[in-house]
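Welcome, and thanks for taking a look at this one with us. Please open the sequence and the model side by side before reading on.

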Amino acid sequence: MGFAIINWEMRVVSLRQMKQLFFSACMYFAVMVPVYSEDVHPVVVELFTSQGCSSCPPADYILHHLAQRDDIIALSLHVDYWDYIGWKDQFASPVHSARQRGYAIRAGRHIVFTPEMILNGADSIIGTHAMELNDRIRQHALPYSGTDIDVSLDGQSLRIRAQTKDELEEKLSIQVVRYDPERDVFIQRGENAGLKMRYVNVVHSWSTVAYWDGKNELDLEVVLEGDDPAVILIQEGDYGEIVAAAKLE
């Protein structure tokens, strides 16, 4: 696992450890049973990863499996703070790095690391800990009736409607995320030199389109450009718990 502190120092996981993690992930996710229910909101899993991080490929592989599940919204956010160690990640964005730091600050942590998975904006886990991840996903997949979301698309016009029964301590942010379903990369330098990777649900655009106090029903229209899939998140503040989510493919 790679850690970044104030000066972005890193602890490197050996290739042997990476292979062991990769094998464990394969075996565990081969028998994982998804949680399906019409009353359960999808669990949002944000993976903070980097092509320059030697311990990230197993987590990227895990995200492949998560992305195939209907009960999960899986997003891959490539950070830019490992670009200096020999390979520039072409999907990396300072926006993703800032989002990860925002989560860390809200949680009272002074470090960020890769691979990190954030579940529903509220739960941090090392992205290669497959067994713990599955347990956490089941915990977050509990039925939740506080906030409901409905989205529809008419041409390029996205309509977002929502209502909440919760008493809000802070405004909810309405966020629109766009991503590429698959991207192939041959990594030629750095810690992962020689690896050919297929990344899924690679985020390339993240924007907050409104803030909502929850007092009245939300009815919002947003113009979408292009045909890439979209995810709509309703989140406490900018880095709090994700209380509702929907996906348009």
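This is a predicted model: local features need pLDDT of at least 70, side-chain atom pairs count only at pLDDT 80 or more; totals for chains, interfaces and linings use all residues.

## Nonpolar cores

Let's begin with the largest nonpolar core, which has 22 residues. Those with the most contacts inside it are Val44, Leu75, Val177, Val203, Trp206, Val231 and Leu233. Strands S2 (43–49), S3 (72–78), S9 (172–186), S10 (196–212), S12 (230–236) and S13 (242–248), along with helix H3 (94–106), each give two or more residues to this core. The largest share, 3 residues, comes from S3.

There is also a second, separate core of 20 residues, and Val176, Leu218, Ile234 and Leu248 are among its members. As general background, nonpolar side chains in soluble globular proteins tend to be buried together.

## The surroundings of Val44

Which residues does Val44 touch, leaving aside those up to four places away in sequence? Its contacts are Ile73, Leu75, Ile118, Leu119, Asn120, Leu233, Ile242 and Ala245.

## Two sides of helix H4

Helix H4 spans residues 130–140, and its Ala130, Leu133, Asn134, Arg136 and Ile137 are buried. Viewed down the axis of H4, the buried residues fall within an arc of 165 degrees, so they line one face of the helix. Met131 and Gln139, on the other side of H4, are exposed.

## Cysteines

How many disulfides does a search of the whole structure find? The count is 0. Cys53 is buried at 2% relative accessibility, and Cys56 is buried with a relative accessible area of 0%.

Technical notes
Residues are numbered from 1 along each chain as its sequence is written. Side-chain values use heavy atoms; hydrogens and water are left out. Buried means under 20% relative accessible area, exposed over 50%, partly exposed in between (1.4 Å probe, protein chains only). Helices (H or I, at least four residues) and strands (E, at least two) are DSSP runs, numbered from the N terminus. The arc is that of the directions from the helix axis to the C-beta atoms. A disulfide is a pair of cysteine sulfur atoms within 2.5 Å. A nonpolar core is a set of buried Ala, Val, Leu, Ile, Met, Phe, Trp, Tyr and Cys residues joined through side-chain atoms within 4.5 Å. Contact means heavy atoms within 4.5 Å.
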